[in-house]
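Welcome, and thanks for opening the viewer. Follow along one selection at a time, and take a moment to look around at each stop.

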2 protein chains.
Amino acid sequence: MFGSMMQQPLLVSSLLTHAERHHGAQEIVSRRVEGDLHRYTYRDLAGRARRLANGIAALRVPAGGRVGTLAWNGHRHLELYYAVSGSGAVLHTLNPRLHADQLVWIANHAEDEVLFFDLTFLPLVEAAAPRLRTVRSFVAMTDRAHMPASSTLPGLLCYEELLAAQSDAFAWPSFDENTACALCYTSGTTGNPKGALYSHRSTVLHTYAIALPDALNCSARDAILPVVPMFHVNAWGLPYAACMVGAKLVLPGPFLDGRSLHELFESEGVTMSAGVPTVWQGLLAHVEAHNLRFSTMRRTVIGGSACPPAMMRAFQERHDVQVLHAWGMTEISPLGTVCALKPCHAALSADERLAVQARQGRAVFGVDLKVVDEDGRELPHDGQSAGELMVRGPWVISRYFKDEGGDPLAEGWFPTGDVATIDADGFMQITDRSKDVIKSGGEWISSIDIENIAMAHPGVAMAACIAARHPKWDERPLLVVVKKPEAEVAKAELLASFEGRIARWWMPDDVVFVDAIPLGATGKMQKNLLRERFGDHLLRGQLLAA
Amino acid sequence: MFGSMMQQPLLVSSLLTHAERHHGAQEIVSRRVEGDLHRYTYRDLAGRARRLANGIAALRVPAGGRVGTLAWNGHRHLELYYAVSGSGAVLHTLNPRLHADQLVWIANHAEDEVLFFDLTFLPLVEAAAPRLRTVRSFVAMTDRAHMPASSTLPGLLCYEELLAAQSDAFAWPSFDENTACALCYTSGTTGNPKGALYSHRSTVLHTYAIALPDALNCSARDAILPVVPMFHVNAWGLPYAACMVGAKLVLPGPFLDGRSLHELFESEGVTMSAGVPTVWQGLLAHVEAHNLRFSTMRRTVIGGSACPPAMMRAFQERHDVQVLHAWGMTEISPLGTVCALKPCHAALSADERLAVQARQGRAVFGVDLKVVDEDGRELPHDGQSAGELMVRGPWVISRYFKDEGGDPLAEGWFPTGDVATIDADGFMQITDRSKDVIKSGGEWISSIDIENIAMAHPGVAMAACIAARHPKWDERPLLVVVKKPEAEVAKAELLASFEGRIARWWMPDDVVFVDAIPLGATGKMQKNLLRERFGDHLLRGQLLAA
C-alpha cells in the first residue's frame with residue numbers, strides 16, 4: 001500500500017525556485033575575472049538563470065546534452081549550474097588545471113556540445129579547440145566590452161549578449177528525479193579519467209545532508225565563501241546548499257591568494273568557508289605575517305586531503321575559527337563524513353580533542369561506511385582495525401559514465417581506495433590511500449601519520465612518505481621533504497622528532513630533500529611520481545653500502 | 001539520460017540502522033508509565049525493534065497492515081515506530097484524548113489489526129474493545145510483573161513477553177519508498193476524522209528538512225525532549241530526527257506537569273524541546289513560582305497553535321531559552337514553517353524582533369507556500385495581503401486515506417484552511433483559521449491578533465475571539481475570556497487595553513466571561529462550540545437594548 005503524499009520529483013531547479021520565492025533579497029557577491037566586485041540577489045540569479053535556459057535552448061542543446069564549463073567561482077558559473085541542470089541538460093564542469101591533452105580527452109569523452117569559459121581560459125580553449133570533436137558553440141563568459149578583439153574560436157559567442165537576447169520567462173520543466181544533472185571526471189593518477197554522472201535526486205538529497213547541523217551547518221544567517229572551486233565536485237555542493245537555506249554566497253573568482261581571500265572575508269562578513277589544505281596555508285601565512293584577524297569567519301571546512309594538525313591548531317587556537325575536517329570523493333557527490341564532535345568529547349583536553357578532529361569524521365545520514373579486510377570481511381569499529389573503506393548511499397555512484405572501467409562495486413558497496421579505521425563513536429580516520437600504503441614485513445604503515453609528524457617540524461614546508469623497495473622487508477618508509485625557504489633541516493634532527501610518536505618499526509629508513517613535490521590538478525601530492533623516482537632509493541643505498 | 005547513482009529507497013528503517021551503526025552508544029531515557037526511569041542506547045533500541053518486528057510478524061500483520069498504538073512518549077512506543085514501519089506495516093498512532101466513540105470510529109476506519117497500549121489506557125481500550133471490528137490482538141506495553149490481574153480483553157498479550165519470545169535477528173526489508181509507513185487522523189471539528197497516510201519517502205525527506213539549522217536544528221550534541229506526544233503527528237518528526245542525527249532522546253511518558261518536566265530537563269541535560277503553548281504555560285508557572293532556572297535548555301519549538309507573545313518574552317528574556325515558533329498540520333507531516341530569524345533582523349530592537357518571532361516563520365526547503373484570494377489568485381508577499389494559505393511539497397498529502405472527503409487539492413496545492421500573510425522575507429503569519437475569521441462589513445478581522453492582546457492582560461488566563469452575528473455588519477468580534485484564579489478583570493478596563501493596538505473597527509463589541517473554554521484533543525480552542533453558544537450574543541444584546 002502506497003502513502004497518499006504529493007509526488008514531486010527532487011529537482012535542482014526547485015532549489016533555485018525556493019531561494020527566489022523565500023530568500024529573494026539575499027545577496028550573491030562575486031569577484032569577477034574582469035576585476036570588479038559584482039553584487040546581486042537570488043531574485044536576480046533566478047531571472048538570469050531563466051534567460052540562460054532560453055539561451056541554451058537557442059543553442060539547440062537537447063535534454064541530456066552536455067554543456068561544458070571552464071570557469072572560476074562566480075555568478076555566471078552559478079547561473080550555468082541552475083540553467084543547464086534545471087532545463088534538463090547536463091552540467092559538465094571541466095578542471096582548467098588539467099593539461100590540455102587531458103581536457104581534450106575528457107571533453108570528447110563527455111561529448112560536450114557547448115563550452116562556456118571564463119576569459120582566463122581563452123588561450124587554453126583556443127589551444128584545445130581544433131581537437132574538440134563535439135563542441136558546436138563556444139561562449140566567453142563576459143560582456144561585449146571585455147570580449148577578445150580576435151579569437152581563433154569559430155563563431156565565439158558573448159555570454160551577456162546571449163542572455164540579453166532572451167526573455168526571462170521560462171518554466172522549469174518537471175521530469176524524473178533520476179535524470180542526470182551534472183558530470184564530473186575524476187583525475188585518476190592511473191588510467192583514463194572516469195566520469196561521475198550525478199542525478200537530480202542524488203544532488204538534492206546530498207544537499208539536505210550537507211546542510212545539516214553536524215555536517216556543514218548551513219543557515220540563512222551564514223555568508224558562505226566556497227574557496228573549493230565550482231569545477232571541483234560542484235564546490236562540494238555549497239552552490240546548492242546556499243540556495244536551499246538562503247545563505248549569502250561570496251564567490252572569489254580567480255583571486256585565491258591569502259590577501260585577496262582575507263579582504264573578501266572581512267568586507268563581506270563571511271562566516272563559513274571550505275577548501276583544501278594548500279589554500280588555507282597561503283591564507284594563514286598572509287594573516288599571520290600581517291598580524292590580521294578574522295572578524296566574522298567562525299568555521300572552515302577542510303577536505304580534499306588530510307588537514308595537518310598544525311594548521312588546525314593555528315585556526316582554532318589563534319584565530320577562533322573552528323576547523324571541520326571532512327572527507328569525500330568525486331564518486332560520492334562528494335560528501336561522506338564530517339568531523340563534528342559528539343558530547344562524549346566535551347570533557348577532553350584541547351590536545352585530545354585535536355586528535356579526534358584529525359579524523360575525517362562520521363557519516364552524515366544517507367551515507368553508510370564500513371572497513372573490510374583483504375577478503376572483504378567487515379572489520380570492527382574499534383579505531384584500530386584498518387582496512388579498505390567501503391561506502392554506499394543514494395549519492396554514491398553505481399558505475400562510471402559510459403561504464404568506463406566496468407562495474408566498480410563490491411556487493412553493492414563502492415570501494416573508495418582509502419585505507420581507514422572507524423572507532424566506536426563512528427569516527428573514521430583515513431590512514432592511507434590503498435595504493436600509497438607501505439607494507440613492511442606484511443604489516444601496514446600509515447604514510448599519513450608519518451607525514452603529519454614531519455609537517456609539524458618548523459623547517460618543513462611539505463612532506464610525503466612513500467614505500468621504497470627493500471630487500472628484506474619488501475617495503476620500508478622513505479620520507480621526501482621540501483624545506484621552507486631559508487630553513488635548515490638536518491636529517492638526523494628531523495628523524496629524532498619522530499622518537500616516541502610512532503612505533504620504532506614505522507621510523508622512515510631515510511630522508512631525501514627535494515625542491516618540490518609534484519601536485520595533481522586538485523592539489524594532491526602525486527606520490528606515484530615520487531615512487532617512480534625514489535622507489536629504488538633504499539636499494540641504491542644498500543648497493544652503495546655493500 | 002539517467003544519472004549513474006546507487007538506487008537506494010528512502011526507508012524509515014535506514015534511520016534506525018544509521019543510529020545503530022554510527023551512534024550506537026547514544027542514550028535514550030524514558031519516564032515509564034510504571035514510574036521508573038528507563039535508560040538504554042540506540043544499539044539497544046535497534047535490537048529490541050528487530051525482536052518486535054519478529055513479534056509483529058508472529059501476530060500475522062501483513063505488509064501494509066495497520067498496527068494501532070495508544071501510548072505516551074516512551075521507549076516502547078519508539079520501538080513500535082521503527083518495528084512497524086520498518087517491517088512494511090503501517091504505524092497508526094491513536095490519540096487517547098479522543099472520546100471513546102471517536103476512537104472506535106477511527107480504529108474501525110483504519111482497520112487496525114493489532115492494538116498496542118500503555119497501561120494508563122486499559123480502561124479506555126476495554127470500553128472500546130467490543131466495538132472494535134478489526135483488532136485481532138491486544139498488547140499491553142509492559143512487563144509480566146505489571147500486567148493487569150484480569151482484563152475483559154480477549155487473549156491480552158504482554159509486550160515484554162512478546163519480545164522475549166523472539167530473536168533479535170531480523171533483516172529490515174527493502175521496498176518502494178512510496179510505501180505507506182504511518183497513519184494519523186486529523187481531529188476535525190466538523191465531519192468525520194480523516195487520515196493522512198505518510199510514506200517512507202515523505203517521512204525521510206521531512207526528517208532531513210526538520211533537522212536543518214534553520215528548522216529544528218538537531219545535532220548529536222542535543223538532548224531532545226519531545227513534549228509533543230508521539231500520538232500527535234509523530235511528535236512533529238522528532239523521533240525520526242533524533243535517529244538521523246544521533247541526538248540523545250528524553251521521553252517524558254505521561255508526566256507532563258511543570259514539575260516533572262523541569263526535573264527531567266535538569267537531570268538529563270535537555271537542550272531542546274517542543275510542544276504546544278498550553279504545556280509551556282504549566283512549565284513556566286512552575287519554574288517561576290519556585291524561582292527555578294533552565295541549566296541546559298536553550299531552545300524550544302512552539303507550535304500547534306500560536307504562541308502568545310508574553311510566553312515568548314518570558315522564555316527568552318527571563319530564562320535565556322530561545323523560542324522557535326513553528327507551523328504545521330497533520331496533512332503536512334507536520335512541519336511547514338519555522339521562525340528562524342534572518343541576518344536582516346539582527347539590527348532590530350528586542351520588541352521588533354519579538355514581533356517577527358510572533359510570525360509562524362518561513363518555509364523549510366521542500367515546502368512551498370502561497371496565499372490566495374477568494375478567486376484563487378496568488379497575493380503578493382507584502383506582509384499585508386491576507387488570504388488562504390496554500391501549501392505543496394513531497395510531505396504534503398495529495399488525498400486523505402480511503403479518499404475520504406474527495407480530492408482536497410486546488411490545482412496541485414493543499415488548502416490549509418488557515419488565513420495568513422507572507423512578507424517580503426518569506427515570513428508567514430497566520431491571522432486566522434478561515435472558519436474562524438470574522439467578516440465585518442465585508443472586511444476581515446483577525447481573531448488571533450485580538451486574542452494575543454487579551455492574553456497579555458495580567459488577569460486573563462485564556463481568551464477566544466469569535467464572530468458573533470450582527471444585524472448591520474453581518475459579524476462583529478466578541479471576546480470570550482477565562483479569568484485567572486482570584487483575578488479581577490473589568491470589561492471596560494480590558495477593552496481599554498486594546499486602545500491604539502488595533503484599528504478602532506477591530507475593537508470587540510463585547511466581552512463575556514466564562515469558567516472554561518472547551519479544548520479539543522490536541523489542545524486547541526474549540527471555537528465552533530463557542531460560536532454555537534455565543535453566536536447570537538450581540539443580537540440578544542440588541543433585543544434587550546431595544
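Start by selecting B:Ile397, which sits in the loop between β18 and β19 of chain B. Keep in mind that you are looking at a predicted model. Is B:Ile397 buried or exposed? Its relative accessible area is 0%, and because buried means under 20%, B:Ile397 counts as buried.

Now show what surrounds this residue. Setting aside neighbours within four places in sequence, B:Ile397 is in contact with A:Ser4, A:Met5 and A:Met6 from chain A, and with B:Ala196, B:Glu331, B:Leu409 and B:Phe414 from chain B.

B:Ser398 has a relative accessible area of 18% and is buried. Which residues does B:Ser398 touch, not counting those up to four places away in sequence? They are A:Ser4, A:Met5, A:Met6, B:Asp407, B:Pro408 and B:Leu409.

Move over to chain A and select two helices, α1 (residues 12-22) and α3 (residues 75-86). Two packed helices are described by the angle between their axes and the distance between the axes. Here the axes come within 8 Å and cross at roughly 130°, so α1(A) and α3(A) are oblique to each other. Their crossing is left-handed. To see where they meet, display A:Val12, A:Ser13, A:Leu15 and A:Leu16 in α1(A), together with A:Tyr82, A:Ser85 and A:Gly86 in α3(A). The residues of this contact divide into four nonpolar, three polar and no charged.

For the last stop, stay in chain A and pick helix α10, residues 277-289. How far apart are the end C-alpha atoms of α10(A)? They are 18 Å apart, which agrees with the 18 Å that its 13 residues should span at 1.5 Å a residue.

Colour the buried residues of α10(A): A:Pro277, A:Val279, A:Trp280, A:Leu283, A:Leu284, A:His286 and A:Val287. Then bring in the partners they pack against, namely α9 (258-267), β12 (272-275), β13 (299-302) and α11 (309-319) of chain A.

Key
Residues numbered from 1 in each chain as written. Chains lettered and ligands numbered in written order. Predicted model: local features only at pLDDT ≥ 70, side-chain atom pairs only at ≥ 80, totals over all residues. Heavy atoms only, no water. Helix = DSSP H or I, 4+ residues; strand = E, 2+ residues; numbered from the N terminus. Expected span 1.5 Å × (residues − 1). Buried < 20%, exposed > 50% of the residue type's maximum accessible area, 1.4 Å probe, protein only. Contact = heavy atoms within 4.5 Å. Axes fitted to C-alpha atoms, helices over the stretch in contact; angles between N-to-C directions. Parallel < 35°, antiparallel > 145°, perpendicular 65-115°, else oblique. Left-handed = near helix turned anticlockwise from the far one by under 90°. Nonpolar A, V, L, I, M, F, W, Y, C, P; charged D, E, K, R; others polar.
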